Amino acid sequence: MLKIGRNDLCPCGSGKKYKKCCMDKDKQLMAKPIVRNPFNHLLTYEEVNELSTDEIILTLRKMGISFNQETFLKDIEKSYSAEDISESWFDQYTVTAKGRDEDFPWLAAWILWERLAPTKKLSMEQMNDLIEKGFEYVDKKDPVSACDTWLKVWEAIKERIKPEFQNLDYLDKHYKGSFFISNFCQDLEYELHNAGLKDPVYFEKRLKYCHEFCDYFPKEDELIIHNMRRAIAESYAKLDQYGKAESEFEKLVQDFPDNPWGYIGWGDLFFFEHRKDYHKARELYEKGLTIAKDQTDIVSIKERLEDLKEE
């Protein structure tokens, strides 16, 4: 344990001497044992979360980690996960945590991050929990709650974006959760569409999200960018803003002349939406068919053309 002298400045950052600040409180906390789960050899998040912030900090100090809140908040600014911070503690200090307690610094960093950091500065552990919670809502056929949950993750991702990030490779590399950020971003777009079918306000949120994604990651995979831009055009149509929708589709086929789904989406605008024009829809589908190479795309277009014959 790192020894603190009575006349040293208190590690809490108050500027007072230790004996005039936290010494008596620390003595009381020293006598409190960590609550343990006898049925599990691994220390759990729930066990550590039962401790007060002061108890967690004191336990870290007993393990040799000189915790300082100001330094911790600075570490959060440059770290992506509580695991990153925990690893830096093991590198910086002679940490005495062994066996079951070896996970305590990581769990402590995770919980202190939740309690002390600004709301939008989510750790990767927090983001991972929210992503998993969103999938639980998806499984329950509740896309609205899924999107409300996942949009918090998107706000946290935006906090991490730097001008030099032109695609998601950097975040995928540093994200240590169960999902790739790139996959999550596509899932969010899809569920915003499903939520929009229940409440049109989510088509507005889909517009905002897809515009932001394309602005932040202009050099992301071409197929992902195409899908995001098609989602923008489709969302305008769902909001009855057909002029904007058609303008977006026109720009989409100009920028991606070899992708038939620009023409398919544009044709759908005149086939399935309120603005019926079957001749225009057929013309656009046929243009898509001339450039389609994938058999699945060809089948999708031919099915639409067959359906048009019945109109």
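**Exercise 1. Locate E189, decide whether E189 is buried or exposed, and list what E189 touches.**

Solution. Begin with the secondary structure: E189 lies in helix α10, which covers residues 181-198, where a helix is a DSSP run of H or I with at least four residues, numbered from the N terminus. The structure is a predicted model, in which local features need pLDDT of at least 70 and side-chain atom pairs count only at pLDDT 80 or more, while totals for chains, interfaces and linings use all residues. Residues are numbered from 1 along each chain as its sequence is written, and side-chain values use heavy atoms, with hydrogens and water left out.

Next, turn to accessibility: E189 counts as buried because its relative accessibility is 13% (buried means under 20% relative accessible area, exposed over 50%, and partly exposed in between, with a 1.4 Å probe and protein chains only). Finally, leaving aside residues up to four places away in sequence, E189 touches R206, Y209, C210, M228 and A231, where contact means heavy atoms within 4.5 Å.

**Exercise 2. Describe K198, including whether K198 is buried or exposed.**

Solution. K198 is placed in helix α10, and because its relative accessibility is 56%, K198 counts as exposed. Although K198 and D142 are 56 residues apart along the chain, their C-alpha atoms are separated by 9.6 Å. Not counting residues up to four places away in sequence, K198 touches K141, P143 and V144.

**Exercise 3. Work out how α7 and α8 are arranged and which residues make their contact.**

Solution. First take the geometry: helix α7 (residues 124-139) packs on helix α8 (residues 143-160) at an angle of about 160°, and their axes are 8 Å apart. The angle makes α7 roughly antiparallel to α8 (under 35 degrees counts as roughly parallel, over 145 as roughly antiparallel, 65 to 115 as roughly perpendicular, and the rest as oblique). From α7, the contact is made by M127, L130, I131, K133, G134, F135, Y137 and V138, and from α8 by S145, A146, T149, W150, K152, V153, A156 and I157. Sorted by class, this contact of α7 with α8 holds eleven nonpolar, three polar and two charged residues, where Ala, Val, Leu, Ile, Met, Phe, Trp, Tyr, Cys and Pro count as nonpolar, Asp, Glu, Lys and Arg as charged, and the others, Gly among them, as polar.

**Exercise 4. Explain why helix α14 is described as largely enclosed.**

Solution. Helix α14 spans residues 261-271, and ten of its eleven residues are buried, so α14 is largely enclosed by the rest of the structure. Among the buried residues are Y263, W266 and D268. The buried residues of α14 pack against α12 (222-238), α13 (242-255), α15 (278-291) and α16 (295-309).

Conventions: Axes are lines fitted to C-alpha atoms, for helices over the stretch in contact, and angles run from 0 to 180 degrees between N-to-C directions. Helices (H or I, at least four residues) and strands (E, at least two) are DSSP runs, numbered from the N terminus.
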